[in-house]
Amino acid sequence: MIRRTLAAGAAVLGVFALPHAGVAQGTAEGPTDGTYAELDRAVREALEETGTPGAAWAVLDVGTGEGAEESEETGSEGEATDPNGEAGSGEDADPGGESDGEHGESPGGKEQKDTAGPSDESSVDAVHHVPGVVHTGTFGDDGDGEPVKETTPFLWGSVGKPMTSTLILSLQEDGLLDTADPVSAHLPDFAPVYEGEPADPTIAQLLSHSAGTPPDQFTDAVDLGRTEPDAVSEAASLLDEVELAYAPGTGYQYNSADYLLLGAIVESVTGATFAEQMRVRVFDPLGMDVVLAGDDRMPPGHRQFFGFPVTYESPTDVSGLPYGGTTGGDLESLSRFAAAMLGRGELDGSRVLTEESVAEAWEPHVDSSVQNYGYGWSVGELAGGEPAVWHTGATVGYESVLIVMPEAGKAVAVMQNTFGLARGSQLVNASLNAAAVLTGAEREDSGPDPALTWIPWVGAGLTVVVAVWLGVSLKRGRSVTRSVAGGIAWAAGGVLVSGSLLVVLPHFGGLPLVFLWRWLPDIALVLTTTATAFAALAAVKSFRRFKR
């Protein structure tokens, strides 16, 4: 159920040893003795499966009480909580029950610092004074090689969509817009068509991904890296004459272009930038310290390249703020948003939404790929039947998941500094396993996407074959019988094969080459090198047949 939904649109082979995972401060006893020790083991096992270099997570339970005060009784820094409520070493909390020694091996093969407990005590207090936070954990290193702490920022990706939804509903409460409004009421130049006829989706349909907007990789309006102040509205204008994939309100297609348009609507009705409105209406009232891509405080994330995590520095992209592609922060900030949602729009006496607006956001407005989608939230049930709302966030180099269980009064937030489409379903296992422990459900495991895992290696092998063929042809250097027809055939074959690899195959696979270079660089590389090698081979063969 939720696993397939979380993995939709997301995902290479984790082959390295598990670094020491630091269980940060937590309660001596959770809902049952040892719950949080079990939860940490479940999270770390999932991290080991994917070779994640670093991660941080938090558990909220508004029915459990004061996490901050309880956490101060858990023992000294660097100690984890065992099932009996006694402090033990970080090594003792290892899933296999064995110590890897003083230092573990990082996913990048370098020495991994032991991060068993954050060294910044004030950061521990800050996170645990967020209402409802009862347990936190950290793991591994960031992209700069520093131990992950609770103050380490991560990019949140599309976990930012529930935040944009919160902003839109806040504007509705103030009478600046209505979710029933047609988009053109606020963006007059927006004039999409469906099957040649004018179409006018509503704000509600943008919020629920039922507006008919085509997949992001075919709109050329997202991930543009624009930094000018009006980047959101300028990028959204690229969708003014978009051809819709289906009639508004008749289907579901998850994409970020919908939320880019919502960002432009925010700017239209307020006369301010999206970033400013998000700050004054959501982030500041909730005490969230947001860190954007390109900020000096944001360490590099990691892309998966032939199964290995490779550091990647996400560029600044102001136009990506509405759909969350370049928005992030530390564990406290994401926990504050989660706590506000558990508080039905209120945190520490500051209310960003009414309870009615939160209920509207969590209503299942459309059937999604597996369960339902509300306004910025997936809506359904966890394994075991626990009602939940959630959102995943995948951006190049980072992956995050926020799961809120309204009836149980619990939430789980997990941030990881790697992402790869081949392991989309596995990357969400850390969050799902944590939620399963909290709800008493069975944990489920999922493997990597076999096609996306092996395509780079098969493609690399094909590249080698073509390159050897080219090398042999050049080395022999002998002439062949002149044949105009043969020369034409080789030239045409070179164009056909290279064009198929670079254009036709990616297009019909739904992943254009420019998208592949960003999200699946190993596959993009083998396609490009194979196409280039075959084009060179065809040129040599063709030239020799034309030559007298």
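**Note on the predicted model: helix packing and selected residues**

1. Start with residues 519–540. Their end C-alpha atoms lie 33 Å apart. The span is 95% helix and 0% strand. Helices here are DSSP runs of H or I with at least four residues, strands are E runs of at least two, and both are numbered from the N terminus.

2. This is a predicted model, where local features need pLDDT of at least 70, side-chain atom pairs count only at pLDDT 80 or more, and totals for chains, interfaces and linings use all residues. Residues are numbered from 1 along each chain as its sequence is written, and side-chain values use heavy atoms, with hydrogens and water left out.

3. The UniProt record, an unreviewed entry, places the feature "transmembrane region" at residues 454–472, 484–507 and 519–540. UniProt positions follow the numbering used here, feature names are shortened, and annotations may be inferred rather than shown by experiment. Residues 484–507 are 100% helix and 0% strand. The end C-alpha atoms of that span lie 33 Å apart.

4. Now the helix pairs. Two packed helices are described by the angle between their axes and the distance between the axes. Axes are lines fitted to C-alpha atoms, for helices over the stretch in contact, and angles run from 0 to 180 degrees between N-to-C directions.

5. Take helix H5 (residues 160–173) and helix H11 (residues 355–362). Their axes come within 10 Å and cross at roughly 135°. That makes H5 oblique to H11. The cut-offs: under 35 degrees is roughly parallel, over 145 roughly antiparallel, 65 to 115 roughly perpendicular, and the rest oblique. The crossing of H5 with H11 is right-handed. A crossing is right-handed if the near helix is turned clockwise from the far one by less than a right angle, and left-handed if anticlockwise.

6. Which residues in H5 and H11 meet? From H5 come Ser165, Leu169, Gln172 and Glu173; from H11 come Ser357, Glu360 and Ala361. Contact means heavy atoms within 4.5 Å. The contact residues divide into two nonpolar, three polar and two charged. Ala, Val, Leu, Ile, Met, Phe, Trp, Tyr, Cys and Pro count as nonpolar, Asp, Glu, Lys and Arg as charged, and the others, Gly among them, as polar.

7. H5 also packs with helix H10 (residues 331–342). Their axes come within 12 Å and cross at roughly 50°. H5 and H10 are therefore oblique to each other. This crossing is left-handed. Pro162, Met163 and Thr166 in H5 meet Leu334, Phe337 and Met341 in H10. The contact has five nonpolar residues, one polar and no charged.

8. Ala435 lies in helix H13 (residues 429–439). Ala435 is buried, at 1% relative accessibility. Buried means under 20% relative accessible area, exposed over 50%, and partly exposed in between (1.4 Å probe, protein chains only). Not counting residues up to four places away in sequence, Ala435 touches Leu382, Ile403, Met405 and Val412.

9. Gly471 sits in helix H14 (residues 450–476). Gly471 is partly exposed, with a relative accessible area of 33%. Gly471 and Leu537 are 66 residues apart in sequence, yet 8.7 Å apart in space, C-alpha to C-alpha.

10. Check two backbone angles. Most residues other than glycine have a negative phi. Arg344 has a positive phi of about 55°. Arg344 is in the loop between H10 and strand S15 (346–347). Asp348 has a positive phi of about 50°. Asp348 lies in the loop between S15 and strand S16 (350–351). Arg344 is partly exposed at 28% relative accessibility, while Asp348 is exposed at 54%.
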